[in-house]
Amino acid sequence: MAALENISYVTIGALYLNQTEKNNTVNESHTSFIIAAGFILFTSFIGILGNSLVFWYLSFKIKRTKYTTYIINLAVADLIYLIFMSVVMSIAILRYLKQNIAADPKKVIFGLEILLDFGQYADMFLLTAVSVERCMAIYYPMWYRYRRPKFQSLLVCVICWGLSMLATLVDNIGCPVELFGTVGARCTAVHTFLSVLVFLLIIPTMVISSLIMLIILKKPSKQEHPPKLVIVIVATVIVFLISVAPVRVLWLLLYLQILPEGFSSAAFFYAVYICISINSTVNPFIYFLVGTQKMHGAWNFLEKALKKVFGEEEGEKGVTKHHEEGSTKESNIS
C-alpha cells in the first residue's frame, strides 16, 4: 500500500497532503479536510469548556469523594487530548492554506503525537479504574465502606498516569512513524503488546465491571433504580466502546496492510480524530444530563448536577443498606 510508505506525513491529520497526493490513488479534497478539521476544532473547543467546568466544580466547589478524584483526573486527561488536538487541527488548516508554521515540522509532529497518545491512554486507564472501583463498592460494600485504603483513589490515579506514559513511550518510540509501514518485528511486537493491553485487558475489564454493576443492582433485593454514578459510568463506557474501540481495530488493520486498495489514509486519520474527540467531549454532558434529571429552575444547576452524581450518600449508603438487609434476611432464614 503506497500510502503506508509515507505514513509519517499523515499521522497528524495529513498535514503534508501534497506529499500523500503523489502516492495515493484517491484524489483527496482540500476543502473536505478543512471542513473535517474545522469540525474537530469546534468539537474540541466544546470539550475543553465542558471538561474545564467539571474540573473547576469538582476541585473547588464540591466536597472531594472517592470518585471525584477519578473524574478530576479523567477530565485532565480529556483536556490534554483536546487542547493538543486543537493545536493539531489548527496546524492542519494552516498547512492546507499554504502557511508555514514550523521550522522543523517533524519534531512538532512527534511531540504532538506523544501528547495526544498520552491523553488518550490516560483516559482509557482512568475510565477502567473508576469502573472497577464502583464495581467493588457494589460487590463488596462492607469492605469498601469500612476497610478501603484512604488514599486508594489517589494512588490508583498515579499508577494510571504512569502506565499511560509507559504505553505512550512504547507506542511512539518502540514503533516510530518511519517504521510503521515496514511491518517489521519491532513494530509487530509493539502493536501486539498494545492490542493485548486494549482488547484483552482494558476493554474486557470495563465491560465486565459494567455488567456486574448492572446485574447486581437489578436484583430484587437491591435498589429499584441504579444510582446516578452507575448510570454515568456505564454510559461513559458505552460511548468509549462505540467511539474508540472500532478505531483501534481499524488502526491494527491499517498496520497489517489488509485494508482495500485505494483506502484513504488521510481520511482515516480524520475519522479517528473525530471519534476520539467526541469521546473526550461527551463525558461532561453525560454528567450534567444524568445529574439534572428532575431538577427545575436551579440557577447553579451544574454544581447541583455534579453533587447528585458524585456525592457518596446516594451510592455507598444505599447499596450498603441493601446488602445489610440482604444479610439480615439470610441470617433469619438460617
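Analyst: What follows covers the cysteines, then the confidence of the model and its aromatic pairs.

This is a predicted model. A search of the whole structure turns up 1 disulfide. Cys175 and Cys187 form it, with their sulfur atoms 2.0 Å apart. The cut-off for a disulfide is a sulfur pair within 2.5 Å. The torsion about the S-S bond of Cys175 and Cys187 is about 95 degrees, so this disulfide is right-handed.

Where do the two partners lie? Cys175 is in the loop between H6 and helix H7 (177–180). Cys187 belongs to helix H8 (residues 185–217). The bond therefore ties together parts that are 12 residues apart in sequence. Cys175 and Cys187 are both buried.

Now to Cys157 and Cys160. The closest cysteine sulfur to that of Cys157 is in Cys160, 6.1 Å away. That is too far for a bond. Cys160, in turn, is in no disulfide. Cys157 counts as buried because its relative accessibility is 1%, and a residue under 20% is classed that way. Cys160 is buried as well, with a relative accessible area of 6%.

How far does the predictor trust the chain? The average pLDDT is 77, and 73% of the residues score at least 70. Confidence is highest in helix H6 (residues 152–174), at a mean of 94. It is lowest in helix H1 (residues 17–23), at 42. Over residues 1–28 the pLDDT stays under 50. The model has 71 contacts beyond four places in sequence for that stretch. Residues 322–334 are also below 50 in pLDDT. They have 10 contacts in the model beyond near neighbours in sequence.

Aromatic rings are the last topic. The count comes to 6 aromatic pairs. Trp56 and Phe60 make one that is tilted, 4.8 Å centre to centre with 45 degrees between the planes. These two are 4 residues apart in helix H2 (residues 30–61), so about one helical turn separates them. Trp56 is partly exposed, at 43% relative accessibility. Phe60 is exposed, at 54%. Tyr139 and Tyr140 form an edge-to-face pair, 4.8 Å centre to centre and 85 degrees between the planes. Tyr139 is partly exposed at 46% relative accessibility, and Tyr140 is partly exposed at 47%. Ring pairs also link Phe55, Trp56 and Phe60 into a cluster.

Terms used:
Residues numbered from 1 in each chain as written. Predicted model: local features only at pLDDT ≥ 70, side-chain atom pairs only at ≥ 80, totals over all residues. Heavy atoms only, no water. pLDDT = per-residue confidence, 0-100. Contact = heavy atoms within 4.5 Å. Phe/Tyr/Trp six-rings, centres within 6.5 Å; stacked < 30°, edge-to-face > 60°. Buried < 20%, exposed > 50% of the residue type's maximum accessible area, 1.4 Å probe, protein only.
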